[in-house]
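Welcome to a short tour of one model. Open your viewer, keep the selection tool handy, and follow the stops below.

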Amino acid sequence: VVMGSVQAGVTYNNLARAARLRFEARSESADILRDLHQQIEDIVEDVSAQAGVQGRLEVVARREPGGL
């Protein structure tokens, strides 16, 4: 998993009304990527329910796993 960026809030000392985490997942195996996607969806769902907020996982691009 390659971290892209984290964005949240508009000022210091105030809770963010929205946040965004961007990253890229790479693997040689389609099965590993599928499992990782499911694990991240589960985490988003659990954290959203515990915090009482709305969360979602948005996939903006997919590539076939493997070499060059």
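In which strand does Gln7 lie? Select Gln7 and you will find yourself in strand E1; helices (H or I, at least four residues) and strands (E, at least two) are DSSP runs, numbered from the N terminus. Before going further, note that this is a predicted model, where local features need pLDDT of at least 70 and side-chain atom pairs count only at pLDDT 80 or more, while totals for chains, interfaces and linings use all residues. Residues are numbered from 1 along each chain as its sequence is written, and side-chain values use heavy atoms, with hydrogens and water left out.

Gln7 is partly exposed at 43% relative accessible area (buried means under 20%, exposed over 50%, partly exposed in between; 1.4 Å probe, protein chains only).

Next, move to the loop between E1 and E2 and pick Asn13. Its phi is near 65°, a positive value in a residue other than glycine, and Asn13 is exposed, at 80% relative accessibility.

For the next stop, select Glu24, Arg26 and Arg63, which are linked in a network of salt bridges (a side-chain nitrogen of Lys or Arg within 4 Å of a carboxyl oxygen of Asp or Glu). The closest N and O atoms of Arg26 and Glu24 are 3.2 Å apart, and the Glu24 to Arg63 bridge has an N to O distance of 3.6 Å. Glu24 belongs to strand E2 and Arg63 to the segment after H1, so this pair ties together parts 39 residues apart in sequence. Arg63 is exposed, at 67%, whereas Glu24 is partly exposed, at 27%.

Finally, show the largest pocket, which holds about 1700 Å³ of space. A pocket is an open set of points on a 1 Å grid over the protein atoms alone, where a 1.4 Å probe fits, with protein on both sides within 12 Å along at least five of seven lines; lining residues have an atom within 4 Å of a point. A volume is the space filled by probe spheres set on the points. Of the 38 lining residues, Leu21, Phe23, Leu57, Glu58 and Val59 lie nearest the centre. Colour helix H1 as well: H1 gives 10 residues, the largest share of the lining.
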